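My notes follow in the order in which I want to keep them.

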Amino acid sequence: MGAGSADGPASSDAMPPDPAAGSIESGARRPSNHHVWRNAGRVSVALLAVLVLVATGLEWTIKSRADSGILSRSVQAIVTDDTNLSTPTAAPTAPGSFTPENILLLGSDTRAGAANAAAGGTDDSTNDGVANSDTLMIAHISSDRHVTVLSIPRDTMIDAPTCKVWDGATGQLSDQTQPISNGEKWHINSAYSVGGPQCTVRAVQDLTGLKIDRVIGIDFAGFQNMVDALGGITVNVCRPVIDGELGTVIPNGGVQTIHGDTALSLVRARKVEGDTDSDLARIRRQQIVLSAILQQVTSAGTLLNPGKLDGFLQAFVQNTYTDNVTIDDLVALAQSMGNLDPSKVTFYTLPTVPSVDNPEALDPAEPAASAVFDALLNDRPLPGEEGPASPSPTPDLPTPSGEAGVGLATGKTVDPSTVQVTVVNVSGRSGVATQAMDELNNIGFEISDEDLQARPDQMQADVTVEYDPTNLNAALTVAAAVPGATVVPVNGLGRSVRLLLGKDFEGSVDAVRSGSNATATMGTATPAVTSTQDSGSLVDTSALTSINAGAELCA
């Protein structure tokens, strides 16, 4: 248990449940593990609705009916006097014309109301009136108007913030401050049960240093209604989805249309047969489903159908609660964003590791997590997304072929002595980087001891070559020299190429002749880096993976 506790029953008019990591006092209910990530799909659809509204500028269909609805469901959430906010340390690499902003997306697992009770299914563990927030996402809208969505796992441990207690039944904050002890730790989702949306904002701002500008939350019924308003969504399912708690969610794999109830079960499923890592597999399904919704909403079949689009947006208005969100704000944002291409939206999950305080919880993985927060703070793209720091390829540059993650990269090799190579040992064996350096230098590369790295806490099986998208030929030269290597584009590496040697590296290399045609398999979701402009150094973000909303991937 954390250093402090909250006594008394978990009712709407009593002290809230204990937010600490350990045991719970009698009569209080701790957030159930059955709700881990359950709300990720439905809360993120709120963002998609906002994006569609701002991208199409549909003031004509929303304005007259939505203003009163949004205002009537507004909550006290924004915190402007937070001393934990960070100050940007550098200007964006290529700033756009608009002010960046951060929207916090959250959901609670309450089943208040018949529609939410029905959508929530048979799990009645939240019928006691205590709402917990199992989903937290920060949508960063950059100055050049691409969108980065960062998911924060609900079991991430944080320093307990100082918050006013709220009444989950009425949605009102009290004058009473939740008592906390020095050094007390909470799961981040407990901030919602203690102090509602405002305490959640404080928790997220304290963790990330990012200022939250707007808040949006949505419920079970809202998710289903939005999907059903579209007539369902088209998804590609990798294999049958059979969940230990929900049963058969989708009986057959392949491309198919699913409707609101199935979509909700797909993003909730947490005990799916065949998943080797339930959390990561579930998060990936959620992000792909959300990408499918965004693709469908921005398709001509929806944008040119006023009735369908209006139904989708009205479902958003009627099933959300917000702070600092008005129609006028969204229309102004629409004018700044222009047309929305799904490829401008990229989903990420905060890198985490098992918590040192609680083996069943998570801590942010450092330095990866801080590098992510710093990139958002300074309005820079993360690895794997397009942004102002990523120059567009010119016609004479070699370009990858095939679909993302499974295609081929083709080009011509260059003189090995001109390639700047960093060799990284991620094999779990000692001496691998030195061995590779000696072998590569024997065939024309010029690598020194200063170019060698070892990461004993990070291991992988395969051999990967990371490169900036403008530097493909250099990467192909390295890949041609190391049998079985996969090339991975990573924004921000400049002229440097990074060779990561996993357990499969056997020590052999092949001679490379400059100017030869070269082909390599192109991979994704491998260790990535981001740069800090003030120091020019590279910060490892190896746990960071991404899903681009424009990619064709299976869930």
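**Disulfides**

I began with the cysteines. Counting the bonded ones along the chain, I get the pattern 1-2, 3-4 for the disulfides of the protein. The model is a predicted one. My search of the whole structure returned two disulfides.

I took the link between cysteine 163 and cysteine 199 to begin with; its S to S distance is 2.1 Å. I looked up where the two ends sit. Cysteine 163 is in the loop between β4 (157-159) and β5 (164-167), and cysteine 199 is in helix α4 (residues 190-208). The two are 36 residues apart, and the pair links distant parts of the chain. For handedness I checked the torsion about the S-S bond: it is about 80°, so the disulfide of cysteine 163 and cysteine 199 is right-handed.

Are these two cysteines buried or exposed? Cysteine 163 has a relative accessible area of 4%, which is under the 20% limit, so I list cysteine 163 as buried. Cysteine 199 comes to 1% relative accessibility and therefore also counts as buried.

I then turned to the link of cysteine 238 and cysteine 554, with 2.0 Å from S to S. The angle about this S-S bond is 90°, and the link is right-handed. Cysteine 238 lies in the loop between β9 (233-237) and β10 (241-243), while cysteine 554 lies in the segment after β27 (546-548), so the pair ties together parts that are 316 residues apart in sequence. I noted the accessibility of both ends: cysteine 238 is partly exposed at 38%, and cysteine 554 is partly exposed at 24%.

**Confidence**

I checked how far the model can be read. The mean pLDDT of the protein is 75, and 70% of the residues score at least 70. Which strands hold the lowest and the highest confidence? I find the lowest in strand β17 (residues 400-401), with a mean of 37, and the highest in strand β11 (residues 247-250), with 95.

I marked two stretches. Over residues 525-541 the pLDDT is below 50, and the model gives this stretch 59 contacts beyond near neighbours in sequence. Residues 122-128 stay under 50 as well, with 14 contacts beyond four places in sequence.

**Overall counts**

I count 13 helices and 27 strands in the secondary structure. The protein has 555 residues, of which 55% count as buried. I also looked at contacts between residues at least 6 apart in sequence: 76% of them join residues at least 24 apart.

**Cores**

The largest nonpolar core has 49 residues, and I asked which members touch the most others. They are Ile233 and Ile293. Helix α7 (residues 278-297) gives the most to this core, namely seven residues. Apart from this core I found another, of 35 residues, which includes Trp166, Val204, Phe373 and Leu377.

I listed the contacts of isoleucine 233, leaving out residues up to four places away in sequence. Isoleucine 233 touches Val227, Gln256, Thr257, Ile258, Val289, Ile293 and Gln296.

**Glycine 254**

I looked up glycine 254, which is placed in strand β12 (residues 254-258). Glycine 254 is partly exposed, at a relative accessible area of 24%. With residues up to four places away in sequence left out, glycine 254 touches Val235, Asn236 and Val237.

**The five-stranded sheet**

I traced an open sheet of five strands, in the order β20-β19-β23-β21-β22, and its pairing is mixed. The edge strands are β20 (452-454) and β22 (486-489), each of which pairs on one side only. From one strand to the next, the twist averages 25°.

I examined one of the pairings in detail. Strand β21 (residues 463-467) runs parallel to β22, and the two pair over four bridges. Tyrosine 467 stands opposite proline 489 in β22.

What packs on this sheet? I find helix α13 (residues 472-481) there, touching β19 (420-425), β21, β22 and β23 (496-501). The direction of helix α13 makes about 160° with that of β21.

Technical notes: Residues are numbered from 1 along each chain as its sequence is written. This is a predicted model: local features need pLDDT of at least 70, side-chain atom pairs count only at pLDDT 80 or more; totals for chains, interfaces and linings use all residues. Side-chain values use heavy atoms; hydrogens and water are left out. pLDDT is the predictor's confidence in each residue, from 0 to 100. Contact means heavy atoms within 4.5 Å. A nonpolar core is a set of buried Ala, Val, Leu, Ile, Met, Phe, Trp, Tyr and Cys residues joined through side-chain atoms within 4.5 Å. Buried means under 20% relative accessible area, exposed over 50%, partly exposed in between (1.4 Å probe, protein chains only). A disulfide is a pair of cysteine sulfur atoms within 2.5 Å. Two strands pair if DSSP finds at least two bridges between them. Axes are lines fitted to C-alpha atoms, for helices over the stretch in contact, and angles run from 0 to 180 degrees between N-to-C directions.
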